[in-house]
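Dear colleague,

Please find the structure below, handed over for your reference.

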Amino acid sequence: MIGREAELRVLHGDLDAVESGAARALAVVGDPWVGKSALLAAAAELARARSWAPGAVISGADAARLAPVLAVLRAAAGSPVLIVLDDLHRAPDDALAAVATLAAEVAAAGGLLALAYRPGGASEALHVAVGQVARELPVGELVIGPLDRDECDGLLPPGISPLARARLHERAGGTPGYMLALAAAGESAAPPPAVVRSVAREIASLGAAAADVAAAAAVAGDRFAVDLAAELADLDEAAALATVDELVAARIVLPCSLPRHFRFRAPIVGEAIYAEIDADRARTLHRRAARALERRQAPPAELADHV
């Protein structure tokens, strides 16, 4: 895997520990499209290369269906085995309740349980489930972040100019999946539909107020001040700030160094939100932005996107 050398070292260490007789769990945590599933696939490949017993990969939504996984653990017959539970953030509560049982079975089998989930908006039930796993197995945490420019270059196909590569990295915020989706879209300025749908699902999970403020922020720009987003969303600043806090908790936006200023997790996230705003509403929000910026005596460059 390109740019994940440190993470692969952690995986090798966990595989070594299991081979030494120490069953354990590994929580792989990261934002959407950052490469959690790819890292888990690499873990499965490493296990196969070490001749581990055939394991299982299940989605969070299927975590309550333990019978097939228990059969895999029994078939391992004492050999090291990897059980992967991906997209745990998508699991309903009944599936999360079954995770502790799964952890106990993996502990008894002497295997490695790998969990993957998003940090933003993790439910209380998910936190409880991870805590229950920790009572059965030692749990390591591997936080997956964006890649730097050089690492991202290695992911891109040849024939893309240095300027285009830099722009792809900037729009994707270093997130590998976003960057590859943008590269596959060619020179299109529009965010790829798959990214738009993914971000829309994140926003929909937060409710109408968060959607309104996110739309206002997307019109305001990749980096925005709370007071401007509040004015665009027709909210008082305190209410807007409380809603922005919700967006921060979900990691849709992140704080900037300047107080009460925020940015989208990656510029493409703001682009995807903007793509879902209907034309009439977009015009209304841009008119509000232009008036607000004129009152603030903003430079012409800031006004240009709104007139």
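**Findings**

S198 lies in helix 10; helices (H or I, at least four residues) and strands (E, at least two) are DSSP runs, numbered from the N terminus. This is a predicted model, in which local features need pLDDT of at least 70 and side-chain atom pairs count only at pLDDT 80 or more, while totals for chains, interfaces and linings use all residues. Residues are numbered from 1 along each chain as its sequence is written, and side-chain values use heavy atoms, with hydrogens and water left out.

With a relative accessible area of 4%, S198 is buried (buried means under 20% relative accessible area, exposed over 50%, partly exposed in between, with a 1.4 Å probe and protein chains only). The C-alpha atoms of S198 and W33 are separated by 9.3 Å, although the two residues are 165 residues apart along the chain.

**The chain as a whole**

The protein chain has 16 helices and eight strands, and its C-alpha trace spans about 70 × 45 × 30 Å along its principal axes. Of its 307 residues, 47% are buried. Among contacts with a separation of 6 or more, 71% are between residues 24 or more positions apart (contact means heavy atoms within 4.5 Å).

**Helix packing**

The axes of helix 10 (residues 193–204) and helix 14 (residues 267–275) come within 9 Å and cross at roughly 85 degrees. Axes are lines fitted to C-alpha atoms, for helices over the stretch in contact, and angles run from 0 to 180 degrees between N-to-C directions. Helix 10 and helix 14 are therefore roughly perpendicular to each other (angles under 35 degrees count as roughly parallel, over 145 as roughly antiparallel, 65 to 115 as roughly perpendicular and the rest as oblique). V195, V196, V199 and I203 of helix 10 make this contact with I268, V269, A272, I273 and A275 of helix 14. By class, these are nine nonpolar, no polar and no charged residues. Here Ala, Val, Leu, Ile, Met, Phe, Trp, Tyr, Cys and Pro count as nonpolar, Asp, Glu, Lys and Arg as charged, and the others, Gly among them, as polar.

In helix 14, the buried residues are I268, V269, G270, A272 and I273. They pack against helix 8, helix 9 (176–184), helix 10, helix 11 and strand 8.

Helix 11 and helix 13 (residues 237–249) have axes that come within 9 Å and cross at roughly 90 degrees, which makes helix 11 roughly perpendicular to helix 13. A209, A210, V213 and A214 in helix 11 meet T243, V244, E246 and L247 in helix 13.

**Pockets**

The largest pocket has a volume of about 580 Å³. On a 1 Å grid over the protein atoms alone, a pocket is an open set of points where a 1.4 Å probe fits, with protein on both sides within 12 Å along at least five of seven lines, and lining residues have an atom within 4 Å of a point. Grid points are joined across faces, edges and corners, and a volume is the space filled by probe spheres set on the points. Of the 27 lining residues, V219, A220, G221, D222 and D305 are the closest to the centre of the largest pocket. Helix 14 gives the most to this lining, with four residues.

The second largest pocket holds about 380 Å³ of space. Its lining has 16 residues, and H89, R118, G120, E202 and S205 lie nearest its centre.

Yours sincerely
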